[in-house]
Amino acid sequence: MAETRTPDRVWLDGKLVGMDEARFPLLTHSLHYGLGVFEGIRCYRCEDGRSAVFRLREHVHRLFESAHICLMDMPFPEAEVVEACLAVLRENGMAEGYVRPIAFLGDGAMGVGSVNPTRVAVAAWYWAAYLGEEGIKRGIRTKISSLTRMTANGAMVRGKITGQYVNSILAKREALLGGYDEAILLDQNGLVAEGSGENIFMVSGGTLCTPPLTSPILAGVTRDTVLRLARDRGYPVEERTFTRDSLYTADEAFFSGTAAEITPIREVDNRRIGDGRPGPITRALQDLFFRVTRAREPRYHEWLTFR
């Protein structure tokens, strides 16, 4: 896994404080019951010397949507959390990095029905390629998990909710223990849903396919980015369900996500995808994605917030 370096300063409940001051009581509600919401956002160093945070406002808006889904009252407006993300990057002197806003229920009453005040924090750290630089270049090996992606009637699948990631953690650990790089989870109908922390795409017969938002998947910001980039380049795109054996016989496959960026998949369940190397559509979208995030494509500057 990519190395994480601890920041010196974080934003907590409206103030910038030292990392050592960001401490929480043992009886913090979300620590015990898992009700919290979070985001992951990347800041990229651009060739002209500036730093650009990618789709910052969309990420923060989803944070607030997740809180609304969870009946969590946010004590700060979206604009202040956006500024907090930028402030943490500046305070830590970070030209690039990964930003983590998180909202959770603090201490007070205990019990699953308790509603304590919402606390909000923002941290940032340097994080290299989530699935490894070699994974970005050559692709990764994946395994269909024995665990099922949570159902739409059993979880709030549109929310990026802390406790729901136990499902992802167990799937990821199973894959790593089996010698793979990442897990792929199926939905309750046995159809491909997503990775442990990524959306998934495949290319079949020149058409780019990804599970639709009617599937129990996270509405990924990077997923949305890929769909727009692909359509702008003229690739046929279908948001539809597909089976694992359709994935086995795909010409190309890749994951998308803030942490994973665009990571090719070269193998699923010991079955080679295509010729076992990142395919031309994957490579083209990956190259365009990194050009966009580093401010080399003026057409997409609307997605960038320059620090």
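Mentor: Let us begin with a term that we will need throughout: a residue is buried under 20% relative accessible area, exposed over 50%, and partly exposed in between, using a 1.4 Å probe and protein chains only. This is a predicted model, in which local features need pLDDT of at least 70 and side-chain atom pairs count only at pLDDT 80 or more, while totals for chains, interfaces and linings use all residues. Numbering starts from 1 along each chain as its sequence is written, and side-chain values use heavy atoms, with hydrogens and water left out.

With a relative accessible area of 7%, Glu 261 is buried. Glu 261 belongs to strand 15, which covers residues 261–268.

Asp 13 is not a glycine, yet its phi is positive at about 50°. You will find Asp 13 in the loop that joins strand 1 (9–12) to strand 2 (15–18). Its relative accessibility is 28%, which means that Asp 13 counts as partly exposed. Strand 2 also holds Lys 15, and Lys 15 counts as exposed because its relative accessibility is 58%. From Lys 15 to Glu 78 there are 63 residues in sequence, and their C-alpha atoms lie 15 Å apart.

That brings us to helix 3, residues 78–91. Its 14 residues reach 20 Å from the first C-alpha to the last, close to the 20 Å expected at 1.5 Å a residue. The expected span is 1.5 Å times one less than the number of residues. Among the buried residues of helix 3 are Val 81, Val 82, Cys 85 and Leu 89. An α-helix has 3.6 residues a turn, so residues three or four places apart point the same way. Just after helix 3, Gly 93 has a positive phi of about 60°.

Now for a loop. Val 157 sits between strand 8 (140–148) and helix 5 (165–177), and it counts as buried at 7% relative accessibility. Beyond its neighbours within four places in sequence, Val 157 is in contact (heavy atoms within 4.5 Å) with residues including Arg 149, Gln 164, Pro 216 and Leu 218.

Finally, step back to the whole chain. The secondary structure amounts to 8 helices and 17 strands. The radius of gyration, taken over C-alpha atoms, is 19 Å, close to the 19 Å of the globule rule (2.2 Å times the number of residues to the power 0.38) for 307 residues, so the chain is as compact as a globular protein of that length. Buried residues make up 57% of the 307. Of the contacts between residues at least 6 apart in sequence, 70% join residues at least 24 apart.

Technical notes. Helices (H or I, at least four residues) and strands (E, at least two) are DSSP runs, numbered from the N terminus.
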